[in-house]
2 protein chains.
Amino acid sequence: MTASFKRIVLASRPAAHVTPDNFRLETVPLPQPAEGEVLVRVHYLSLDPYMRGRMIESRSSYAQPQKLDETMIGGTAGVIEVSRNPKFAVGDTVLGTFGWQEYGISDGRGLMKVDTRAIPISAYLGPVGMPGVTAWYGLNRICAPKPGETVLVSAASGAVGSVVGQLAKAAGCRAVGIAGGPDKCHYVTSELGFDACIDHREHAEVQSMAKAIRAAAPKGVDGLFENVGGIGLDGALACMNPFGRVAVCGLIAGYEGTSIPIYNVFTLVAMRLTVRGFIVSDHLDVWPQALAELGRGVAEGKIRYRETVAEGLAAAPEAFIGMLKGRNFGKQLVKLA
Amino acid sequence: MTASFKRIVLASRPAAHVTPDNFRLETVPLPQPAEGEVLVRVHYLSLDPYMRGRMIESRSSYAQPQKLDETMIGGTAGVIEVSRNPKFAVGDTVLGTFGWQEYGISDGRGLMKVDTRAIPISAYLGPVGMPGVTAWYGLNRICAPKPGETVLVSAASGAVGSVVGQLAKAAGCRAVGIAGGPDKCHYVTSELGFDACIDHREHAEVQSMAKAIRAAAPKGVDGLFENVGGIGLDGALACMNPFGRVAVCGLIAGYEGTSIPIYNVFTLVAMRLTVRGFIVSDHLDVWPQALAELGRGVAEGKIRYRETVAEGLAAAPEAFIGMLKGRNFGKQLVKLA
C-alpha cells in the first residue's frame with residue numbers, strides 16, 4: 001500500500017473544445033478508512049460522454065456541474081483493499097463513483113458488490129453497467145420495437161449503441177447502425193450481428209445520409225436510438241415511419257461547442273413521431289431487471305462488446321478527449337490497476 | 001336553386017409563398033343527387049393551416065397531396081337542400097368535407113348531423129370541431145398537465161390555441177399564451193382567461209423570447225402546445241421543466257418555405273422531454289368524448305372563441321393567405337351562404 005495516490009481534478013472549464021489543460025493531475029495523501037468505511041483501489045475508470053456536459057456551468061438544475069479543483073466525477077470498478085465495514089471483505093470487487101482517482105474511501109453507500117466469475121470486472125462499466133442499462137431502457141421503454149420493425153442506432157459500435165443493436169436483434173428486429181469508419185462498421189455487422197451499418201464519414205449532407213439509411217432500412221425506421229445528433233439524426237428523421245419512436249440518449253456531435261440544430265422538424269408532425277430524451281439514472285426501477293438480462297447475455301456470450309483501454313490515470317484526459325472525437329472503439333476505459 | 005355553382009381548384013403548387021394565382025375560381029354545373037344522395041349547400045368553409053402542407057407534393061405517404069385542378073379540400077358546415085336519402089331531411093345542418101365549393105353531393109357517408117339550437121353552426125368548424133378536438137387531444141393526451149402545472153401555447157388566440165388555454169385553466173393549470181400583437185394578447189388574457197400572453201412580435205431572438213416566457217411562467221413550463229415553431233418553440237424549450245411534455249400540433253412559421261430548425265436540441269436530454277407530433281384524425285376514438293365536453297363548454301359559454309369570417313367563395317384564397325401570415329383573429333372561416 002502506498003501513502004499517497006493520484007487524482008485528476010477539473011482545472012478549468014472548456015471554452016469550446018476540451019483540452020488537456022482543463023485537467024490537473026495531483027498527488028494527495030492516502031486517507032485511512034474510519035470505522036465503518038472501506039478503502040477501495042480503483043481498477044477501472046469509466047469515461048462517458050455525459051461528463052462533457054458536467055464540465056460547463058449548468059444552464060439548468062438537472063445536473064450539478066463538476067466543481068473546479070475537485071476530483072472529476074465518474075463511475076469506477078475496484079477492489080476493497082482495507083475494510084472497516086462488516087459488509088465488505090478485502091478482495092471484494094465493487095462498483096462505485098470515485099471518479100478519476102486511484103483510491104477512494106466509502107462508508108459503503110453507493111458501493112455495489114459484483115461477481116466477476118462469469119463477467120469480467122470491466123464489463124460492469126459497459127454492457128452490464130450504466131451504458132448497458134441505458135441501451136436497455138431506451139430500446140425497451142422508448143423505441144419499444146415490435147418484431148419485424150427496424151431499429152436504427154447511432155454510435156453503433158459504442159458502449160451503448162452496441163448493446164442497443166444486439167438487444168434489437170434478439171427482439172426480432174432489423175438492426176441498422178451508424179458508425180465512424182469502415183473498421184467500426186465491419187465490426188458492427190460481422191461481430192455484433194447488425195443487419196447493416198452506415199459509415200457516417202461517407203455522408204457529409206443530410207440527403208446523402210438519408211439515402212443511405214433508406215437503403216439500409218428499406219421498410220423505414222420505427223425506432224431510432226440517438227446518441228450523436230447532427231446529420232445522422234436529421235437523416236434518420238427523414239426515414240422514420242409513421243408513429244416512430246426516437247430515444248434521445250445523447251447528442252455527442254454537439255457537445256464540443258454549439259449544439260447542432262434539428263432541421264427536419266416538420267416530420268415530427270407528418271410522421272407523428274414521439275421523441276423522448278432520457279437519463280438512465282432517473283429510472284432506477286428498471287436497473288435490476290435490465291442488469292440481470294444484460295449480465296446473462298454477457299455471461300453466455302450473446303452480448304458482445306469491445307473496449308478501448310487507456311493505461312494509467314495520467315492517460316485519462318487524452319482518452320476522454322479522444323472519445324469525444326470518436327477515436328475510441330467500444331467502451332472507453334482507463335485501467336488504473 | 002341555381003343551375004350552376006362556384007368552386008375553387010388548386011391551379012398550381014406554391015413555390016415558397018402561397019399566392020392568389022395558385023387558385024382558380026370556376027363555375028360548374030350543379031349536379032342533381034341520385035337515389036340515396038343529398039345535395040348540401042355549404043354555409044361555412046373552414047380554413048386551416050394543414051391545407052398548406054397538402055398544396056405541395058408530399059415528401060411522404062402520410063397525407064395525399066391536394067390534386068391539381070381539383071376542388072381544394074376542406075371541412076364544411078352546410079344545410080341539406082335536396083335529400084334522396086332517408087337519413088337526412090331538407091334543412092338538416094351537416095358537417096362534411098366538401099372543400100372550397102358552394103354545393104356538394106354526398107351519399108351520406110362522412111356527413112354528420114349537428115344540432116344548432118345551442119351551438120352556432122360555425123362553432124362546429126372551430127371549438128366544437130376539428131380544431132377543438134385537436135386542442136383537447138394534444139392537451140389531455142400529450143401535455144397531460146396536472147393541476148398547478150403551467151401550460152404554454154403558441155398561436156393562443158387561434159382556433160386551436162384558444163381552446164387549449166381555456167381547457168388548461170379549467171384543469172387548474174396556469175395558462176400562458178403566445179400571440180401576435182397587443183390586440184390578440186389582450187383578448188387572450190382578458191376574454192379567454194389566460195394568466196399571461198406574450199407578444200411574439202416583441203421578441204425577435206430566442207433569448208428575448210425565453211426571458212419573456214420565464215417571466216410569464218415563473219415556475220417553468222410543464223406542457224407546451226406548439227402550433228408555430230421557430231423562435232417561440234426554441235424559447236419555450238429553454239423554459240421547460242424536467243419531464244415536460246411537448247405536443248407538436250403544427251409548425252406554421254415554417255410552412256411558407258423552408259422549415260425552421262430547432263436549436264435547443266440538447267434540452268431534450270437535459271430536461272428529459274417528451275415531444276410528440278400528432279394529427280387529430282389518427283385519434284377518432286377520442287372525438288365523441290372530446291366533442292361532448294367541448295359542446296357543453298361552448299353551449300354554457302365557458303369556452304369562448306372568436307372568428308374571422310371572409311364573405312363569399314372568391315374571398316377564400318386571400319383569407320387563406322392571410323391566415324398563414326397570422327392576419328386572422330381566431331378561427332378563419334369563409335361564409336358562403
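**From one chain to the two-chain contact**

In chain A, residues 24 or more positions apart account for 66% of the contacts with a separation of 6 or more. The model is predicted.

Start with the make-up of chain A. Its secondary structure comes to nine helices and 15 strands. The radius of gyration is 20 Å, close to the 20 Å that the globule rule gives for 337 residues, so chain A is as compact as a globular protein of that length. The C-alpha trace spans about 60 × 45 × 35 Å along its principal axes. Of the 337 residues in chain A, 53% count as buried.

Next, the domains. Chain A divides into domain 1 and domain 2. Domain 1 is written in two segments, 4-126 and 305-335. Domain 2 covers 130-281. Taken over C-alpha atoms, the centres of these two domains of chain A are 28 Å apart. Where they touch, domain 1 of chain A gives 14 residues and domain 2 of chain A gives 15. The domain 1 side of that contact in chain A has five nonpolar, six polar and three charged residues.

Now bring in the second chain. Here 28 residues of chain B are in contact with 28 residues of chain A. β13(B) gives the most, with four residues. By class, the side of chain B that touches chain A has 18 nonpolar, seven polar and three charged residues.

Strand β13 also takes part in pairing across the two chains. β13 of chain A, residues 274-277, pairs with β13(B) in the antiparallel sense over three bridges. Within this pairing, look for Val275(A): it stands opposite Val275(B) in β13(B).

Finally, the core. In soluble globular proteins, nonpolar side chains tend to be buried together. The largest nonpolar core in this model has 226 residues. Which residues have the most contacts inside this core? They are Ile213(A) and Ile213(B). Take Ile213(B) and leave aside residues up to four places away in sequence. Ile213(B) then touches Leu152(B), Ile198(B) and Val221(B), among others. Gly235(B), Ala236(B) and Cys239(B) are also touched by Ile213(B).

Terms used:
Residues numbered from 1 in each chain as written. Chains lettered and ligands numbered in written order. Predicted model: local features only at pLDDT ≥ 70, side-chain atom pairs only at ≥ 80, totals over all residues. Rg over C-alpha atoms; globule rule 2.2 N^0.38 Å. Buried ≥ 20, exposed ≤ 12 C-beta atoms within 10 Å, placed from the backbone. Contact = placed C-beta atoms within 7 Å. Nonpolar A, V, L, I, M, F, W, Y, C, P; charged D, E, K, R; others polar. Pairing = 2+ DSSP bridges. Core = buried A, V, L, I, M, F, W, Y, C linked by C-beta atoms within 7 Å. Domains from an automatic or database assignment.
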